[in-house]
Amino acid sequence: MFSRDMGIDLGTANTLVYVKGKGIVVNEPSVVAVNTVTHEVLAVGNEAKEMIGRTPGNIVAIRPMKDGVIADFDITQAMLRYFIDKAYTRSMFGPKPRVVVCVPSGVTEVEKRAVMEATIGAGAKTNDAYLIEEPMAASIGAGLPVEEPSGSMVVDIGGGTSEVAVISLGGIVTSTSLRVAGDEIDSYIINYIKKEYNLAIGERTAEEIKINIGCAYPKGKEEQMEIRGRDLISGLPKTASVTSNEILEAISEPIYSIIDCIKQTLEATPPELAADVMEFGITLTGGGALLSGLDKLITKETGMPVNIANEPLNCVVMGTGLVLEHIETLRSVLLSPKKLRM
């Protein structure tokens, strides 16, 4: 029998779906291509991402999630339905799946309810749709001892939000949610290239720069990368060469915003738990954890040891999956739908 339980990491940049007993079955960008005339959804995920910046006037490729929350309800629901259907082939009379969806820790009750309603509208069972806070899911996925009476600190840097939390005894003791993360870093790269080189580049190019030569701490050897874009003076295509030191300068502001967020959370942490964090270190998860030198910079600024999780990109969805596998013992970490309904 295939399980019908699934965990969804509904991210600003990517959506991952974990099916109990199967593991991660979907990992696609959170992008939807829509016909603006008929309002018809034309493509979702990988196919839609290929269309970003390359569509004719009547088709737009949009991200329905912004800063970790729903920016466009109907399109998010259509995207969720696509991912749920891709992960779970349901029969006409078959039971609906039990679904656990991740939300940032700083979202409002209205935003939580919107995610819940979109999940139920996309095919989840009404009384078996749950939410879990991202830092909690990331901690479980990274293998931290969340149920024990010791402090674990996790920093989850995603596409839309950076979540910093200290967790003990199966609950979040103190947390800060910052709407500065991977997307904001990309936009700083775009603005820097525009200002320094009079060159317009798109989101995809900015992301490639960040992945290939981006760094938060000076590299031993400076790296270079050739980029292509549109010259803002002549309007013609142009090539330029950028270095890792330039990108370090370009993204320092959003990086230091994340570090300030870590410091604020540490200041609000009870002394006993702060001592645990000092001993066991800070765990980095999310795509931002892969930014070169970020762990070194956090150690320099906070004096705390920093560990990068084994699979930082999958920690949140793996944590959601583990909650599904052990739902009876880990039920306390879920936000119950009953608490969200008016």
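Strands (E, at least two residues) and helices (H or I, at least four) are DSSP runs numbered from the N terminus.

This is a predicted model, in which local features need pLDDT of at least 70 and side-chain atom pairs pLDDT 80 or more, while totals for chains, interfaces and linings use all residues. Residues are numbered from 1 along each chain as its sequence is written, and side-chain values use heavy atoms, without hydrogens and water.

I then traced the open sheet and found three antiparallel strands in the order S14-S15-S16. S14 (199-200) and S16 (237-243) stand at the edges with a single partner strand each, so one side of each lacks a neighbour in the sheet.

I next noted that helix H5 (residues 182-197) packs on the sheet and touches S14, S15 and S16 (contact: heavy atoms within 4.5 Å). The direction of H5 makes about 110 degrees with that of S16 (axes fitted to C-alpha atoms, for helices over the stretch in contact; angles from 0 to 180 degrees between N-to-C directions). Helix H6 (residues 203-213) lies across S15 and S16, at about 170 degrees to S15.

Last, I asked which residues line the largest cavity (1 Å grid over protein atoms alone; points where a 1.4 Å probe fits but cannot get out; lining atoms within 4 Å of a point). They are Lys49, Ile52, Arg63, Glu203, Arg204 and Glu207. H6 gives the largest share, three residues.

Key. Pairing = 2+ DSSP bridges. 1 Å grid on protein atoms, 1.4 Å probe; cavity = no way out; pocket = protein on both sides within 12 Å on 5 of 7 lines; lining within 4 Å.
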